[in-house]
Amino acid sequence: MARMQLGILISGRGSNMKALIDACAGRDYPAEIALVLSNVASAGGLETARAAGIKTIVIDHKAYPSRAEFERDLDQALRDHGVELVCLAGFMRLLDKDFVKRWHDRMINIHPSLLPSYRGLKTHERVLEDGVRFTGCTVHYVRPQMDEGPIIMQAVVPIDDHDTPQKLARRVLAYEHKIYVESVRLIASGNIRPRGNKTASKGLKFPKKGLISPTPDDA
Ligand code: GAR
């Protein structure tokens, strides 16, 4: 079967992109990376992608007089490279509704919280301030509102009393890599698709047991 063509959009270090690069190296993985695109020329992830022999393009938003013109070139580059699924992986530009509409159900994002809680930036700082016991990460289809759209996969990460935003970010990131790779696998293999504001899955098993935190020592 033809592998689904991915276009990955990054603005920084690109560790989620790297997780996808590693997954795509597997012979049975149903997707491959057609293009890595960044709006920041100095994004560390670009070097990682080039070292893996992946085509990279920089489209610097600052060089454009308007968001619409920037997004027109973004769209063109993705189409020129035959991209079927756009993966936002730490892409720190809000995308306008016209662009989002053009890629409706064909663009996904990873966010470091259990959406719909903690949209936006500084998620780990905010969960620690609020004293919640669990946080996590979410992969979702992209809709015009920021960090909104049908949820594909989530992972739950318990919070430790001694956590700092940095420690928590590290633990959450390890799960981001897992759920991003698995989400793309589900989409590319046709096991999940958006239905209304949710996603419908086929033949997938979900754990029935929940987690409780904090856990008494003798539990
Ligand atoms: C990740 O934690 C990702 O969830 C977050 O940026 C980081 C990028 O890291 N994205 C957002 O906050 C989007 N709202 P990476 O460049 O190492 O993949």
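Predicted model: local features only at pLDDT ≥ 70, side-chain atom pairs only at ≥ 80, totals over all residues.
1. Ground rules before the details. Local features need pLDDT of at least 70 and side-chain atom pairs count only at pLDDT 80 or more, while totals for chains, interfaces and linings use all residues. Numbering runs from 1 along each chain as its sequence is written, and side-chain values use heavy atoms, with hydrogens and water left out.

2. Who surrounds the ligand? The shell (residues with a heavy atom within 4 Å) holds Arg-13, Gly-14, Ser-15, Asn-16, Gly-90, Met-92, Ile-110, His-111, Pro-112, Asp-147, Leu-173 and Glu-176. By class, that is four nonpolar, five polar and three charged residues; Gly counts as polar here, Pro and Met as nonpolar.

3. Polar contacts (N or O pairs within 3.5 Å) are worth a look. A ligand oxygen is 2.5 Å from a side-chain N or O atom of Arg-13. For Ser-15, the corresponding distance is 2.6 Å, and for Glu-176 it is 2.8 Å. The protein covers 88% of the 450 Å² of accessible area that the ligand has on its own (Shrake-Rupley, 1.4 Å probe).

4. Helix H1 (15–24), strand S5 (107–111) and helix H6 (165–188) each give two or more residues to the shell; helices are DSSP runs of at least four residues, strands of at least two. Domain 1 (1–103) and domain 2 (110–199) both contribute to the shell, so the ligand lies between them. The domain bounds come from an automatic or database assignment.

5. One joins Leu-115 and Pro-116, with omega about 10 degrees, and Pro-116 sits in the loop between S5 and helix H5 (123–130). Another joins Ser-213 and Pro-214, with omega about 0 degrees; Pro-214 is in the segment after strand S9 (198–201).

6. Lastly, Asp-105 has a positive phi, near 65 degrees, despite being a residue other than glycine. Asp-105 lies in the loop between helix H4 (97–102) and S5.

Methods
Polar contact = N/O pair within 3.5 Å; in protein donor to acceptor, adjacent residues only side chain to side chain.
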